[in-house]
Amino acid sequence: DLIQARKGGVEWQQFGRLWQRGERRGARHVRASLGLDEARPVVLLATNVVGDSLALNRQIFTGGMAEWLGQTLRYLAGRADVQTVVRIHPGELLGAGMPSEQVVRSTLPDVPPHVVLISPESKVNTYDLIESAHLGLVYTSTAGLEMTMHGVPVITAGQTHYRGKGFTDDPDTLAWYFSILEQRLSEP
């Protein structure tokens with residue numbers, strides 16, 4: 001029931017935060033609206049709120065979520081064979097820490113066309129993005145857990161509560177992270 005409520009953007013019991021601003025419209029609709037083609041795989045990179053306690057002091061092989069985001073985007077910017085969707089956490093509207101979009105724009109002043117940014121105020125439903133994804137990349141976001149529940153392979157980069165449970169790829173070094181990322185991108 002909780003997952004269904006989260007997907008639909010409705011309240012569930014005592015949980016009052018509604019991160020989804022748009023109703024579900026399906027993978028086909030979100031692909032068309034974002035200009036994503038069917039030929040290339042989609043990597044969904046779900047950010048955390050940079051200054052959120054769920055992301056602070058969770059670093060493993062980078063200095064934090066912002067550094068991981070920058071490193072990952074530099075790599076994916078060179079991979080036009082892959083479509084990257086960066087879903088900036090809707091919680092950034094509450095204003096904590098440096099906005100992820102600022103990290104993206106300072107890393108990639110000219111965002112390539114195969115990298116799509118979804119702003120925190122966007123009406124795009126994250127679960128439509130999950131339905132479209134071939135691979136998920138997260139720091140500590142719960143979206144990673146939800147992606148695995150939908151059969152999407154996930155690579156974690158921070159010390160999240162579901163890391164090391166056997167259903168995500170959990171590298172310990174930046175070299176290992178990029179090796180796993182390369183391996184996952186080479187899979188059909």
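**Entry 1: strand β1**

I take buried as under 20% relative accessible area, exposed as over 50%, and partly exposed as in between, with a 1.4 Å probe and protein chains only. I take helices (H or I, at least four residues) and strands (E, at least two) as DSSP runs, numbered from the N terminus. Because 5 of the 5 residues of β1 are buried, I describe this strand as largely enclosed by the rest of the structure.

I note that this is a predicted model, in which local features need pLDDT of at least 70 and side-chain atom pairs count only at pLDDT 80 or more, while totals for chains, interfaces and linings use all residues. Residues are numbered from 1 along each chain as its sequence is written, and side-chain values use heavy atoms, with hydrogens and water left out.

**Entry 2: neighbours of β1**

I next looked up the pairing of β1, where two strands count as paired if DSSP finds at least two bridges between them. Strand β1 (residues 42–46) pairs with β2 in the parallel sense over 5 bridges. Within this pairing I found Val-43 bridged to Thr-84 of β2, and Ala-46 opposite Arg-87 of β2. I found 4 bridges from β1 to strand β4 (residues 135–138), also running parallel. There, Leu-44 has Gly-136 of β4 as its bridge partner.

**Entry 3: strand β2**

I checked the burial of β2 (residues 83–87) and found 5 of its 5 residues buried, so the strand is mostly covered. Gln-83, Val-85 and Arg-87 point one way from β2, and Thr-84 and Val-86 point the other way. I recorded a parallel pairing of β2 with strand β3 (residues 115–118) over 4 bridges. Arg-87 stands opposite Ile-118 of β3 in that pairing.

**Entry 4: the whole sheet**

I then asked in what order the 5 strands stand in the sheet. The order is β3-β2-β1-β4-β5, in an open sheet with parallel pairing. I noted β3 and β5 (154–156) as the edge strands, each pairing on one side only. Neighbouring strands of the sheet are turned by 20° against each other on average, direction ignored. For such angles, axes are lines fitted to C-alpha atoms, for helices over the stretch in contact, and angles run from 0 to 180 degrees between N-to-C directions.

**Entry 5: the chain as a whole**

I counted 7 helices and 5 strands in the protein chain. From the N terminus on, the elements run α-α-β-α-β-α-β-α-β-α-β-α. Buried residues make up 50% of the 188 residues. Among contacts between residues at least 6 apart in sequence, 67% join residues at least 24 apart; contact means heavy atoms within 4.5 Å.

**Entry 6: helices α3 and α4**

I looked up how α3 (residues 65–77) lies against α4 (residues 100–107): their axes come within 9 Å and cross at roughly 40°. That makes α3 oblique to α4, given that angles under 35 degrees count as roughly parallel, over 145 as roughly antiparallel, 65 to 115 as roughly perpendicular and the rest as oblique. On the α3 side, I listed Met-65, Ala-66, Leu-69, Gly-70, Leu-73 and Arg-74 as making the contact, and on the α4 side Ser-100, Val-103, Val-104 and Thr-107.

**Entry 7: Leu-76**

I placed Leu-76 in helix α3. Leu-76 is buried, with a relative accessible area of 0%. Which residues does Leu-76 touch, not counting residues up to four places away in sequence? I found Val-43, Thr-84, His-114, Leu-137 and Leu-185. I also noted that the C-alpha atoms of Leu-76 and Val-115 are separated by 8.0 Å, although the two residues are 39 residues apart along the chain.

**Entry 8: Glu-92**

I found Glu-92 in the loop between β2 and α4. Is Glu-92 buried or exposed? Glu-92 is buried, with a relative accessible area of 12%. I recorded Glu-92 and Asn-48 as 44 residues apart in sequence and 8.4 Å apart in space, C-alpha to C-alpha.
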